[in-house]
Amino acid sequence: MDETRVAAGALASLPGITPARLKMLMGGFDPEEAAERVNGGRHPADPQGRWIGLCGRDRMAVLGERCLESAVDVQVLGMDGYPPSLSNDPMAPAVIFVGGRKERLGDLANASMVCTVGTRAASPYGMKVAYELGKELATAGISVVSGLADGIDSAAHRGFLAPFPDMPSPATGISAHTGHIFHTAFPVAVVAGGPDVAYPRGSGDLFDAVWDAGVIISEVPPGVKAQRWRFVARNRIMAALSDIVIVVESHTSGGSLHTAGYALRQGKPVGAVPGPINSSASSGCNELIQSGKARLVRGTADVVSLLEADPSVSGSRDKSKKKKKIVVVQSGGAAGEASCHGGDQDLRFIVLGQLGFQPLTLEEVVVLSGRPVGKVSLCLELLADEGLAREQAGSWTRC
Amino acid sequence: MIANVPSAILLGVDGSPVSVEVHASNGVPGFSIVGLPDAAVRESRDRVRAALLTSGFKWSSKRVTVNLAPSAVRKAGAALDLPIAMGMLIASEQIDPEAVTGCAFFGELGLDGSLRYFPGVIPLVDVVGTPKVVVPAVCLDEASVVPAKEVYGATSLRQVVDALNGGGGWVLPGSSSTPGQEHEDFPDLADVRGQPVGRRAVEVAAAGGHHLLLIGPPGSGKTMLATRLPGLLPPLTFDESLSVARIRSASALSQDGAYLPSRPPFRAPHHSATAVSIVGGGSTWLRPGEISLAHRGVLFMDELGEFDRAVLDSLREPLEEGVVRISRVRVSAVLPARFLLVAATNPCPCGEGMTPGSCRCTPRMRERYLARLSGPLLDRFDLSVSLAKPQVDDLLCMVPGESTERVASRVAAARDRAHERGVSCNAVIPSWALDQLAPMSPDALSLIERRLRSGVLSARGMDRIRRVALTIADLAQDGALIGAEHVAEALQLRAARSIVRTDER
Ligand SMILES: [Zn+2]
């Protein structure tokens, strides 16, 4: 990695840095100069000199080393290699860290990207819809952007990866514009921690699978754990990377509604999957549809027609804009994402989210949560003790 | 002149030594067999006479009495033809008694003096006290698996006599077919896509020897999982292999060259099979049934509810004691039948009972269907899990599961821990020993207590849960105490029984 990128990475790693401060530090200077000024206390955007000595050669060497070790790249806004779709966003991050199949980053521009988002506390219905949608989009050669959170996010990516167990590069196609063969569909995850940090705990297998097959993007350097406030920016980046956003299941307040909101502001179509009128997990989606902000999505066909209706896409033919973008959004409340402590708490949350009034067999709960039978069993038994879940004839429902 | 030739008869799967005493005396020429012979043994007279004559020997003109001792045991089968013929030759001084010293004889004779196959070679050869044994050549390789016996084979009565007189050779072991190990390929667990609970249940069943009930609609992979169970079990020890070989021999099943199996047997009788073929018995000879052929292995009963009621009832004794007792008019036998039972059933007649809205059965149909599965039988299953029909996409798409090899190594490690406790597997730990052998953590104890109190768990159910939880802890190679997670998983891996039985679990 060249010095410029390392310097940019070092700036993005400063303690207490935020996307806005980073942009100010990097505005008007190239990254190396910015870093040198910050380190020497001579940066106009840092008049108090709070980062003096924190951005020197030694720090850069450490960061460069860490990126090398974790196989993470640094991409800088305005430089080659930075995803063009993201740079169209006026609030695009100045620096991103990229893991997984980094060479795919260039394909972002060629592929149809759908962001699927939804709540962490998803119902079995939402989980199934997300899983099926992910699977069908993969088969249709449409990439899925999501946040790797529990619930809808994970279900969508699990479904996406299901058709291609042995092929890290799912589908290939020929670009209508360049004639090059490219991989049309791959999973893209935008995470709030370092791109090498599996989160939430226990989702390591899915994280690894996405890493192997697609791209993991973060504003945070490798090795750093997710911070709660980063989820907001994460939701915005997902919207920016995608052509459309699909909210699979969402409560009336939740991170996935933010993603949908960002997409609407960026002029991108938003779809929502309707749910039972008495299901709180679908209330956000139903409201999006009722208010006319989102188109009703009943399945992959609706997603595809939404993609084709995307003005940026149809316009692309004459303006030789290369890609179609679709975003499927999972609803995920900030409250859910905040419970990043305690593995059992996490699982409890996931399982509780899956249980609904339709009975689920143990096997279904295990498949949907992606955790071992023993852990899921204990979780269910404890939920039964709390009076939150009930077993009847081997199937589980919510009380 | 009295001749005394050692031999044996088959009782179930065990040999029982018999002395064939032949006495030739002056008097009215005649021939009689005493000592409780059955019809086949009484007919020996005609076969032996023809065989002696066609082989160039004389038929005694004396009064001949054949006594089969001990006389209290009923003698069945035709394997006594050769010892009777040998007794006749000695009694009529056509062969030197010295030549047959220390030698036992087995074999059915053809009218031309040829020696024919008979069932039960292995247990028969094993039981006689003599160091040397003569058997028909077709039984030679099978007989050779018995340790510490000199086994000689011959194709005819003439060859036996010539060889004994030093005028000819024997058929040597291995010259007809190759005895020894079979190479059975079990299907691999990696072929099972998805189904984490079903796979887990099979693993726990193999590790702890727990009987397993699979409940699911047709096409949910019940058979696929069951057939992968034998591959997870540890290979047979020599003693186990020999006991399996004895049973196969006694049922005339081992004529395919694989006399000492290294892998546990897998038997899957169809539900239309007769009670005799499954349990054992029969009119001609007391033939071991499928449950004995599954000894030390896996018995798979698909469509459990469709089996004959008598079959289901007769399973209880073997499931409890590892043996089956069979009584006939004059004989009774105790046959080994320690198998791992894997049974499969639909949740209801139409098979879709687990998917809400799909079942087309009336409550009455359901009730009648499930009534065939008696409570006491269902109680024997430590594990019962429900399986769903995988979607076609999942079959094509899901990541391959763990391989048999990997799961089998965990099973072997878990079984090692059971051996350290002094039991062959956790399923056979007696209830009184559970406190000592399966101590529980406070968390685990309190979970069990809560389930007992709420009535979802019975006292007997609790012991089964503890055994399964111990197996789960063994698989995880966890510490000395059973944890709440292990108990919870054991509870869940048994919960599906309430689909077919609603009173308790
Ligand atoms: Zn039915």
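Let me start in chain B, with Pro70(B), found in the loop between E4 and helix H3 (81–91) of chain B. Helices (H or I, at least four residues) and strands (E, at least two) are DSSP runs, numbered from the N terminus. The peptide bond from Ala69(B) into Pro70(B) is cis, and its omega is near 0°.

A word on the source. This is a predicted model, in which local features need pLDDT of at least 70 and side-chain atom pairs count only at pLDDT 80 or more, while totals for chains, interfaces and linings use all residues. Residues are numbered from 1 along each chain as its sequence is written, chains are lettered from A and ligands numbered from 1 in the order in which they are written, and side-chain values use heavy atoms, with hydrogens and water left out.

Staying with chain B, the sheet. Four strands form an open sheet, in the order E1-E2-E4-E3, with mixed pairing. Two strands pair if DSSP finds at least two bridges between them. Which strands stand at the edges? Strand E1 (2–11) and strand E3 (30–34) of chain B do, each with a single partner strand, so one side of each is left without a neighbour in the sheet. Neighbouring strands of this sheet are turned by 20° against each other on average, direction ignored. Strand E2 (residues 14–25) and strand E4 (residues 63–69) of chain B run antiparallel, joined by seven bridges. Ser25(B) stands opposite Arg63(B) in E4(B).

Now chain A. Its sheet is open too, with nine strands in the order E1-E2-E8-E7-E4-E3-E9-E10-E11 and mixed pairing. At the edges are strand E1 (73–76) and strand E11 (295–296) of chain A, each pairing on one side only. Helix H12 (residues 300–309) of chain A packs on this sheet. H12 touches strand E3 (113–118), strand E9 (244–249), E10 and E11 of chain A. Contact here means heavy atoms within 4.5 Å. The direction of H12 makes about 155° with that of E9(A). Axes are lines fitted to C-alpha atoms, for helices over the stretch in contact, and angles run from 0 to 180 degrees between N-to-C directions. Strand E10 (residues 270–272) of chain A runs parallel to E11(A), with two bridges between them. Ala272(A) stands opposite Leu296(A) in E11(A).

Next, a helix pair. Helix H7 (residues 152–161) and H8 of chain A have axes that come within 10 Å and cross at roughly 55°. They are therefore oblique to each other; angles under 35 degrees count as roughly parallel, over 145 as roughly antiparallel, 65 to 115 as roughly perpendicular and the rest as oblique. From H7(A), Ser154(A), His157(A), Arg158(A) and Leu161(A) meet Asp205(A), Leu206(A), Ala209(A), Val210(A) and Ala213(A) in H8(A).

H8 also holds a ring pair. Phe207(A) and Trp211(A) both lie in helix H8 (residues 204–213) of chain A, four residues apart, about one turn of the helix. Rings of Phe, Tyr and Trp (its six-membered ring) pair if their centres lie within 6.5 Å; planes under 30 degrees apart count as stacked, over 60 as edge-to-face and the rest as tilted. By this rule there are five aromatic pairs over all chains. Are the rings of Phe207(A) and Trp211(A) stacked or edge-to-face? Their centres are 6.4 Å apart and their planes at 25°, so the pair is stacked.

Last, a backbone detail. Leu148(A) lies in the loop between strand E4 (143–146) and H7 of chain A. Phi of Leu148(A) is near 60°, a positive value in a residue other than glycine.
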